[in-house]
Amino acid sequence: MTKIPQTLTIAGSDSGGGAGIQADLKTFQELGVYSTSVITAVTAQNTTGVTAIYPMSDRAVREQLMAVGSDFEIAALKTGMLFEPGIIRGTAAAIRQFGWNTLVVDPVMIAKGGASLLQQEAVEALKVHLLPLAFLVTPNIPEAQALTGIAITDSVSRRRAAQRILSMGAESVVIKGGHGTDPEFSEDYLLQANGDSVLYRAARIATVQTHGTGCTFAAAVTAQLAKGQELQAAICTAKQFIQAALRDPLNIGSGHGPTNHAAYKKNIAENRGVDSVEVFR
């Protein structure tokens, strides 16, 4: 009997259900993989913002990691909100211990409402301990700028930022375009250590129902990698997943509402197809 691919998300809990662990679990379920989880922090938040963050102790995170690693066959994993240096160092140690090679790092730094989700001193720990282990890093434009110190204003500076992240040891990086200024299109730019680059372009969807898009995108890539899909194709699938989640909003809450994680699978089941994504190599 073929086993279902097993995945792991290491991230914070979102009481509003739109991002973090909750978004990851929904995405993994929709894309047909089994998910384990390690909770790094509990947040009090809703669609209007984050009101409190309660990080787990280093020991609590380590024991969760040991429990998962000793019993499950993790095909791919992702990290999200790690918040503080000790959690980052412990996470990196466990990744090395269990030989988890297909690591997607979503460098979660700032919530939609502006709350800081990564302590300033943790940024350096992320660069030193986690990025060298990453198969893929998935920053949005502000996160890529924070990691590199490079202002991203055009395709040239975007490539420079991507190269800088690769120089930190990652095998590949995709800089997401949701924060871009083009009113018509959203572009995600992939650069791999071997020099290959791909630009993914899709129609920009005007909506405030965007809470958890970064977590969801990274989780979708992780799920596809766990199933054996090649990286460039996995990113395309993830972009189609996000487009569907944005195009069919749930309209929940009074702020930045959650995306519709069920839309992609529902569209396929009802023979409505998936969103078009242009791919430029």
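How many bridges join strand β1 (residues 6-14) to β4? The two strands run parallel and are joined by five bridges, where pairing requires that DSSP finds at least two bridges between strands. The model is predicted, so local features need pLDDT of at least 70 and side-chain atom pairs count only at pLDDT 80 or more, whereas totals for chains, interfaces and linings use all residues. Residues are numbered from 1 along each chain as its sequence is written, and side-chain values use heavy atoms, with hydrogens and water left out.

Strand β4 covers residues 74-79, and five of its six residues are buried, that is, under 20% relative accessible area with a 1.4 Å probe, protein chains only. Together with helix α3 (residues 85-98), β4 and β5 make a right-handed β-α-β unit: with the strands pointing away from the viewer, the path from the first strand over the helix to the second runs clockwise.

The chain as a whole holds nine helices and 10 strands, taken as DSSP runs (H or I, at least four residues; E, at least two). Of its 281 residues, 54% are buried. Among contacts (heavy atoms within 4.5 Å) with a separation of 6 or more, 70% link residues 24 or more positions apart. Along its principal axes, the C-alpha trace spans about 45 × 45 × 40 Å.

Technical notes: Buried < 20%, exposed > 50% of the residue type's maximum accessible area, 1.4 Å probe, protein only.
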